[in-house]
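Subject: Structure handover and notes

Hello,

Please find the structure below, with my notes after it. Could you read the notes with the structure open beside them?

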Amino acid sequence: MPDAAAEPGTAAARDAAEEKSALSHPAVEPDSTAGYGDHPDQVIDFYLPRGGAGAGEAAPVVVVLHGGSWRAPYDRRHISPFAGFLARRGFAVASVEYRRGAEGPDAEGAGGDPVAGRWPDTFDDVAAALDALPELVRQHLPRADARRVVLTGHSAGGHLALWAAARHLLPADAPWLTDRPAPLRGVVALAPIADFEVADRLGVCGGAARQLLGDGELFAGRRPYADPALLLPTGIATTLVQGRADVDVPQAVAEAYADAAAKAGEVVGVTLLEDVGHYPLIDPAADACAVVAEEIAQLAW
């Protein structure tokens, strides 16, 4: 495999081609959608399982959190083909939307690009969605087994999946703190922005982590409330799936999280895929997507 640092043009072209492939699929419409709050972005799409489970057998639930650097232009529709892919594999799927980016005059950064995330709204929404999910699953996924839930997310959504599984470890004054671990079979985080210190140092996704938390003292002060690498050990089975050729969220970010987990006494699985970048993990046309489905199945079934 060519070295990405030595051949940045080649790496960038490959990344663009993989992104184009992943985003080329038509959106897959859900079987139903339900709100978990009053804001238009506080909704969850539900996909019924299309196969996999035997007659009369309840299907495990996969909760999907989409990526897009926590920026407003990227919503759950771009990951709907992945959600549909999982439904065809026999999973009941809940794809969560949440508030992203800033509003009003703060919506764009100095370079005109959308600002990443919205504090604390992004975290408010993910916490509220997960809290509302058991009842919504009963209503909208009648063939689902709510006792077998796996949380997955891609990129910024991978960060949110790891964070949601660690809410019981948040500081005592955090509004999202829970009194016990989430009832999850596990977490499969796909190229997650899993360690904010490393992500910030590498400028991942245009400095999205620092935009999400705020600059200066805000970044340092909010990290204990938001950085999964500081919220360990979770006690929940966790696997990271990472492409070695990922130039958007480099392998070093996943490795930093796994190292932090090991120092906290927890083993986190890391599945590294050769010649795979950032987007094939959610691209139904890519072999990497089947690997992701298998990692989820190992925890769910």
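Confidence

This is a predicted model. The mean pLDDT of the protein is 94, and 93% of the residues reach at least 70. Taken by element, the mean pLDDT is lowest in helix α1 (residues 8-22), at 90, and highest in strand β6 (residues 186-190), at 99.

Strand β6 pairs with β5 in the parallel sense, over five bridges, and His154 stands opposite Leu190 of β6. The pairing of β6 with β7 is also parallel and has four bridges; here Ala189 is placed opposite Leu240 in β7. From β7 the next link is to strand β8 (residues 269-273), again parallel, with five bridges. Gly243 has Leu273 in β8 as its bridge partner.

How much of β6 is covered? Five of its five residues are buried, so β6 is largely enclosed by the rest of the structure. In general, side chains in a regular strand alternate between the two faces of the sheet. In β6, Gly186, Val188 and Leu190 point one way, while Val187 and Ala189 point the other way, and all are buried.

Strand β7 (residues 238-243) is mostly covered as well, with six of its six residues buried. Thr238, Leu240 and Gln242 point to one side of β7, Thr239, Val241 and Gly243 point to the other, and all of them are buried.

Two partly exposed residues

Glu274 sits in the loop between β8 and α9 (287-300). Is Glu274 buried, exposed or in between? The relative accessible area of Glu274 is 47%, so it counts as partly exposed, the cut-offs being under 20% for buried and over 50% for exposed. Asp246 is 28 residues away from Glu274 along the chain, and their C-alpha atoms are 9.9 Å apart.

Ala13 belongs to helix α1. With a relative accessible area of 47%, Ala13 is partly exposed. Between Ala13 and Arg148 there are 135 residues of sequence separation and 40 Å from C-alpha to C-alpha.

The largest pocket has a volume of about 390 Å³. It is lined by 21 residues, and those closest to its centre are Leu130, Pro134, Ala182, Pro183 and Leu184. Two elements, α3 (121-140) and β5 (144-154), each give two or more residues to this lining. The biggest share comes from α3, with five residues. By class, the lining of the largest pocket holds 15 nonpolar, two polar and four charged residues.

The second largest pocket holds about 290 Å³ of space. Which residues lie nearest its centre? Of the 17 residues that line the second largest pocket, they are Glu19, Gly68, Ser69, Tyr74 and Tyr279. This lining divides into six nonpolar, seven polar and four charged residues.

Regards

Conventions
Residues are numbered from 1 along each chain as its sequence is written. This is a predicted model: local features need pLDDT of at least 70, side-chain atom pairs count only at pLDDT 80 or more; totals for chains, interfaces and linings use all residues. Side-chain values use heavy atoms; hydrogens and water are left out. On a 1 Å grid over the protein atoms alone, a cavity is a set of points where a 1.4 Å probe fits but cannot get out, and a pocket is an open set with protein on both sides within 12 Å along at least five of seven lines; lining residues have an atom within 4 Å of a point. Grid points are joined across faces, edges and corners, and a volume is the space filled by probe spheres set on the points. Ala, Val, Leu, Ile, Met, Phe, Trp, Tyr, Cys and Pro count as nonpolar, Asp, Glu, Lys and Arg as charged, and the others, Gly among them, as polar. pLDDT is the predictor's confidence in each residue, from 0 to 100. Buried means under 20% relative accessible area, exposed over 50%, partly exposed in between (1.4 Å probe, protein chains only). Two strands pair if DSSP finds at least two bridges between them.
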